[in-house]
Amino acid sequence: MGNRRTTARVGKTGGAERRSYRLLVVADQIALAKEAAERCARIAEEAVALAGRFTIALSGGSTPKLLYSLLAAEPYSTRLPWRKTHVFWGDERVVPPGDPDSNFGMAKAALLDRVPIPADRVHRMQAERDDLDLVAREYEAEIARSFSLPTGGEPPAFDLILLGLGPDGHTASLFPHTEAVRERDRWVVRNHVPKLNSDRVTLTAPILNRGETVLFLVTGADKAPALQAVLEGPADPDRFPAQLIRPMSGRLIWLVDRAAAGMLTREAK
Ligand code: 6PG
């Protein structure tokens, strides 16, 4: 992957504690999907070798779609241990699973329908239901069951968490100045997002920051101001919720394309 630039950085994101992260800048969204696919495969293989299974939380939106399509094709469709893989989501929109806006629906069409993953290993957020607080609690219980943990305690550690970045600095469905940004205990919550005039169901910072590897995928010039603010701006996670993501002991990787990295002042041009 000749035209990849790696910058190992010690950054101060979202608070006084210094947290290091890796910044990988690649040429474009195709190079980004290829790099991400290779990393997913390696992390899955390591997790299965270590613990006999691989747990991943998928991101929604448009950026990961190419990655999901690559994972559904050779060599990854046979290389990844799909029968030992548990798939969860970082967040979901309040639509039925067949809706074009469904994060589950997108991943199902681009990936899950095309690889041999057992249905009981696909853990969907049922965000089309009325009582979203109940949906959030049930999803917490499903995560706890899958990790053989009690709910309410320390959240489990997903092997890999994929996240995106909105132009406003949101990630998962942790939108600026919304209640879920301030959540410190719950793993999954309903989050009302006034700017969307809608609710979302989302994983929270406490569980996202338990991830063994948290991999942000960010492409396009429209994300450049937010990326610069999150990585290089003052700590203001209420305004830039992606700054909340500082894994306690896991790895934080920002995989971005050149267009998204365009405003980073400390990035070697
Ligand atoms: C969602 C996502 C969200 C997404 C960003 C980036 O449900 O929308 O989980 O956090 O990752 O909004 O979206 P794009 O990839 O479409 O730019």
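Author: We will take the core, then a strand, then some backbone angles. Keep in mind that this is a predicted model.

Reader: Which residues touch the most other members of the largest nonpolar core?

Author: I143, L203 and W254 do, in a core of 87 residues. Helix α1, residues 29–51, gives the most to this core, with 10 residues.

Reader: What is L203 in contact with, leaving aside its neighbours within four places in sequence?

Author: Its contacts include W89, M125, F158 and W187. I143 is also one of them.

Reader: New topic. Which way do the residues of strand β6 point?

Author: L160 and L162 point one way, I161 and L163 the other, and all are buried.

Reader: And which strands is β6 joined to?

Author: Strand β3 (residues 54–58) is joined to β6 by 2 bridges, and the two run parallel. There, I56 stands opposite L160. Strand β9 (residues 213–218) also runs parallel to β6, with 4 bridges. L215 in β9 is the bridge partner of L162.

Reader: Ok, angles. Where is the cis peptide bond?

Author: From E74 to P75, with omega near 5°. P75 sits in the loop between α2 and α3.

Reader: What about phi of S148 and A172?

Author: Phi is positive in each, near 50° for S148 and near 45° for A172. S148 is in the loop between α5 and β6, while A172 is in the loop between β6 and β7.

Reader: Is S148 buried or exposed? And why?

Author: Exposed, because its relative accessibility is 67% and the cut-off is over 50%. A172 is buried, at 10%.

Terms used
Residues numbered from 1 in each chain as written. Predicted model: local features only at pLDDT ≥ 70, side-chain atom pairs only at ≥ 80, totals over all residues. Heavy atoms only, no water. Core = buried A, V, L, I, M, F, W, Y, C linked by side-chain atoms within 4.5 Å. Buried < 20%, exposed > 50% of the residue type's maximum accessible area, 1.4 Å probe, protein only. Contact = heavy atoms within 4.5 Å. Pairing = 2+ DSSP bridges.
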